[in-house]
Amino acid sequence: QEHGGVLILQPVLMDAGGDWGKKKADRPRWLRAILATNRNHARIHGHAVILRWNPTAPQLTAWQKRNCGKTSEKQCTKQNERENFNWE
């Protein structure tokens, strides 16, 4: 039976707080559960899966930098992270 034509693209972007995505053995259980569920679905249905771990660069737009004012780039990135990751 032929399968194909479906590609699952899943971003797993490291948060600015470092709660997940760093090079460490343990990832949160909720993240492992999501990855395992999607991997199993793809395997059963013959789909391909791509994991993205790097966000688009540069992450901050000009207007976001202006809105942050004198805030450091690291803090500005953290403040805008959720919105920017949702666009990925």
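Guide: Let us begin with a term: strands are DSSP runs of at least two residues, labelled E and numbered from the N terminus. Leu7 is found in one of these, strand E1, which covers residues 7–11. Please bear in mind that this is a predicted model.

Visitor: How many helices and strands does the protein have, and in what order do the elements run?

Guide: The protein has 3 helices and 2 strands. Read from the N terminus, the order is β-α-β-α-α.

Visitor: Is Leu7 buried or exposed?

Guide: A residue is called exposed when its relative accessible area is over 50%. Leu7 has a value of 52% and is therefore exposed. Together with Leu9 and Ile50, Leu7 makes a nonpolar surface patch of about 280 Å².

Visitor: Is Asn80 buried or exposed?

Guide: Here the cut-off for buried applies, which is under 20%. Asn80, in helix H3 (residues 73–87), counts as buried because its relative accessibility is 12%.

Visitor: Which residues is Asn80 in contact with, leaving aside its neighbours within four places in sequence?

Guide: Asn80 is in contact with Leu60, Gln64 and Cys68.

Visitor: What can be said of the protein as a whole?

Guide: Of its 88 residues, 19% count as buried. The accessible surface comes to about 7200 Å², and carbon and sulfur atoms hold 52% of that area. Among contacts with a separation of 6 or more, 62% are between residues 24 or more positions apart.

Note on methods
Residues numbered from 1 in each chain as written. Predicted model: local features only at pLDDT ≥ 70, side-chain atom pairs only at ≥ 80, totals over all residues. Heavy atoms only, no water. Helix = DSSP H or I, 4+ residues; strand = E, 2+ residues; numbered from the N terminus. Buried < 20%, exposed > 50% of the residue type's maximum accessible area, 1.4 Å probe, protein only. Contact = heavy atoms within 4.5 Å. Areas by Shrake-Rupley, 256 points an atom, 1.4 Å probe, with all protein chains shown as cover. Patch = residues over 30% accessible without salt bridge, like charges linked within 9 Å, V, L, I, M, F, W, Y side chains within 5 Å. Salt bridge = Lys/Arg side-chain N within 4 Å of Asp/Glu carboxyl O.
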